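Dear colleague,

Please look it over before reading on.

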Amino acid sequence: MAGAVALRITSPDGVTRGIELDGDSVTIGRRAPEQSPDVALSPDPQRWVGRLHCSLDLVEGMWMVTDNASVNGTLLRSRDTTERLLGRRRIQHGDAILILGDMTPEGEPLYWQLLFLDPHTTQQAPVGALLPAPRSVPTLRYDWVSARAYRILNGVETPVSGLRPQGHQLLRYMVGRSADGAAVACDHAELITALWGAREEWASHRAYTRVDLAGVVRAVRRSIEPDPSAPVILETVKGIGYRLNVSGAS
């Protein structure tokens, strides 16, 4: 792994392995039926790890880590500071992602540690060095009272128009799953159920698939995205589902 962008993964019981990041999007979580993240943290018999716990994305040459509104949260350790990750943050060489994996009988937390290694492109800047100002990323705010969506960019809210009922249903479900305005990812099966109900409720001649879901997503993107062909608010999570970047709900 010398020179490659990689994760050095240490389990709660001290077993270490490495994985190279050979794409521009990496999902991290718990393996589940019909779903396998790029990095599966197992064994996890107590299900401390979420199915779509967090993800890494390469954005304009910088690696970003996003907690997908996981139940048990994600910690980011950078230099001598460890804090809860809310939404999306840049991750640099030497930073570590910490995910709760177990507890001792005395109640002490034991973590999965994912050490991020990118020695050639994202070295930690010296203390006091000037860093470029982060670019603003569009997010979405949903007003539950008026049932209206707003795109937020650089502090400016723009009302969204053209959403159909199923588009509202999709956004309301995903916003409702968000914690403290953090980005939230949902898998295909979860969103299909949210839109069309459980399989046993479907008409005998009808079956809903990822193709049906993708049609709803495309329609929503035409309304909420600055550029629907390059979505940054309702993003695709490769092989798993979709992520909504939320500003907050009211």
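**Contact between α1 and α3**

In α1, Q166, G167, L170 and L171 meet L213, V216, V217, V220 and I224 of α3. Sorted by class, this contact has seven nonpolar residues, two polar ones and no charged ones. Bear in mind that the model is predicted.

The axes of the two helices, α1 and α3, come within 9 Å and cross at roughly 90°. An angle from 65 to 115 degrees counts as roughly perpendicular, so α1 is roughly perpendicular to α3.

As for α3 itself, its 15 residues should span 21 Å at 1.5 Å a residue, and its end C-alpha atoms are 20 Å apart, which agrees. Its buried residues are L213, A214, V216, V217, V220, R221, S223 and I224. The elements that cover them include β12, β13, α1, α2, β16 and β17.

**The cores**

The largest nonpolar core has 28 residues, and L170 and L244 have the most contacts inside it. At least two residues each come from β12, α1, β15, α2, α3 and β17. The largest share, six residues, is supplied by α3.

Which residues is L244 in contact with, leaving aside its neighbours within four places in sequence? They are L140, L171, M174, V175, A183, V184, I233 and L234.

Another core lies apart from this one; it has 21 residues, including L7, I28, L56 and W63.

Regards

How values were computed:
Residues are numbered from 1 along each chain as its sequence is written. This is a predicted model: local features need pLDDT of at least 70, side-chain atom pairs count only at pLDDT 80 or more; totals for chains, interfaces and linings use all residues. Side-chain values use heavy atoms; hydrogens and water are left out. A nonpolar core is a set of buried Ala, Val, Leu, Ile, Met, Phe, Trp, Tyr and Cys residues joined through side-chain atoms within 4.5 Å. Buried means under 20% relative accessible area, exposed over 50%, partly exposed in between (1.4 Å probe, protein chains only). Helices (H or I, at least four residues) and strands (E, at least two) are DSSP runs, numbered from the N terminus. Contact means heavy atoms within 4.5 Å. The expected span of a helix is 1.5 Å times one less than its number of residues. Axes are lines fitted to C-alpha atoms, for helices over the stretch in contact, and angles run from 0 to 180 degrees between N-to-C directions. Angles under 35 degrees count as roughly parallel, over 145 as roughly antiparallel, 65 to 115 as roughly perpendicular and the rest as oblique. Ala, Val, Leu, Ile, Met, Phe, Trp, Tyr, Cys and Pro count as nonpolar, Asp, Glu, Lys and Arg as charged, and the others, Gly among them, as polar.
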